[in-house]
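Hello,

Here is the structure I said I would pass on. My notes on its cavities and helix packing follow below it.

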Amino acid sequence: MGIPTEPIGSIPRPAELLAAVQAHAEGGLSDAELGEAGGRAVADTIQRLEEAGSPVVTDGEQTKPSFLTYPIAGLSGLAPDGAVIPFADGHTRQLPRLAAGPFRYAARAETYLRAAREHASVPVKQAVIAPSALSLLYPADGIDGYPTKEFLDDLASEAEADIRACLDAGAHAVQLDFTEGRLSLKLDPSGGLLDDFVALNNQVLERFGDEERARIGVHTCPGGDQDSTHSLDVDYAGLLPKLFQLRAGNFYVQLASEADPERVLAVIAEHLPADARVFVGVTDPIDPRVETPEEVRDRVLAAARHLPADRLGTCDDCGFSPFADDTSTSREIAFAKVRARVEGTALASERLGV
């Protein structure tokens, strides 16, 4: 079978879809017309991923407003002045603030998965947001009549339903996006916030059986938006031991953009659970240069010096456009990097004899 390789999630949206989103926001395009534009983008994305040789595809998150906010798009009871996420280049992203309970998802990832499977001839993976990220919606000073514990219980139930619906709908794998894990160590260097995040995510993951968790993974990276990151300066050595306490069968770890990948691989080898597989990032979505298949091969072989080949997979470091309005990477470069990842992983598999 060779070493498995999977995309992380988002692909830059085509110009037609971006224009349709803008026209819809301005009232010049109907919901149905926007849906048709999104459907064309999904179909084209899957076709091009398959043409690049990807054995597993996603819908490229073409119709998500962002990897993070899809469950709350259009939700009532939100205020605009939530947590602010600063990026290294100075730009920020701001979350909304939950102003009233009870908390319920307005949309589930299953709808994206079902639409994607209509176009795919290979297995489809579905990314979902980790409940720990959505916990940041709750204000520090609380909500009258809706205590923190009640909110977290509601959030855990909604996150479980989001994951379970994707598994039941035939997802090849469900990936929890946990980019806030590394960020938490910048916000709270003591690690207390990270401990809370891990505990909340495990509260959800422990509701699944062993066979289900074998199809559930967790993605970590330092964030990626407009060619910048929010926590690349945070040492992975503080995150990975706690990350691997999550009750998941797969871990997707950004690595290509790390300054010292060998050091990170040593930490992974020390702490990766015995029954888990790690997908190491071998392409960097922020770097405009397209990696060669030989570079990818060598990155996989480096990982194989630390970990058995049967516990390895490859992925991109991050999605190429986690927020819908991020056009810093072109669609063409994204697909070229996917092809390099696929071809380079195959070269490494051949070299390793797997």
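How many nonpolar, polar and charged residues does the lining of the second largest cavity have? It has five nonpolar, five polar and three charged residues, where Ala, Val, Leu, Ile, Met, Phe, Trp, Tyr, Cys and Pro count as nonpolar, Asp, Glu, Lys and Arg as charged, and the others, Gly among them, as polar.

Before the rest, note that this is a predicted model, in which local features need pLDDT of at least 70 and side-chain atom pairs count only at pLDDT 80 or more, while totals for chains, interfaces and linings use all residues. Residues are numbered from 1 along each chain as its sequence is written, and side-chain values use heavy atoms, with hydrogens and water left out.

Cavities

There are three cavities of 30 Å³ or more in the structure. A cavity here is a set of points, on a 1 Å grid over the protein atoms alone, where a 1.4 Å probe fits but cannot get out; lining residues have an atom within 4 Å of a point. Points are joined across faces, edges and corners, and a volume is the space filled by probe spheres set on them.

The largest cavity has a volume of about 230 Å³. It is lined by 24 residues, and Phe67, Leu68, Thr179, Pro322 and Phe323 are the closest to its centre. Strand E7 (173-177) and helix H6 (180-187) each give two or more residues to this lining; helices (H or I, at least four residues) and strands (E, at least two) are DSSP runs, numbered from the N terminus. By class, the lining has twelve nonpolar, nine polar and three charged residues.

The second largest cavity holds about 60 Å³ of space. Among its 13 lining residues, Gly224, Ile286, Gly319, Phe320 and Asp326 lie nearest the centre.

Helix packing

Helix H5 (residues 148-168) packs against helix H7 (residues 192-205) at an angle of about 50 degrees, with the axes 9 Å apart. Axes are lines fitted to C-alpha atoms, for helices over the stretch in contact, and angles run from 0 to 180 degrees between N-to-C directions. H5 and H7 are therefore oblique to each other, given that angles under 35 degrees count as roughly parallel, over 145 as roughly antiparallel, 65 to 115 as roughly perpendicular and the rest as oblique.

In the contact (heavy atoms within 4.5 Å), Leu152, Asp153, Leu155, Ala156, Ala159, Glu160 and Ile163 of H5 meet Leu200, Gln203 and Val204 of H7. These residues divide into seven nonpolar, one polar and two charged.

H7 also packs with helix H9 (residues 236-243), at about 25 degrees and with axes 10 Å apart. That makes H7 roughly parallel to H9.

Regards

How values were computed:
1 Å grid on protein atoms, 1.4 Å probe; cavity = no way out; pocket = protein on both sides within 12 Å on 5 of 7 lines; lining within 4 Å.
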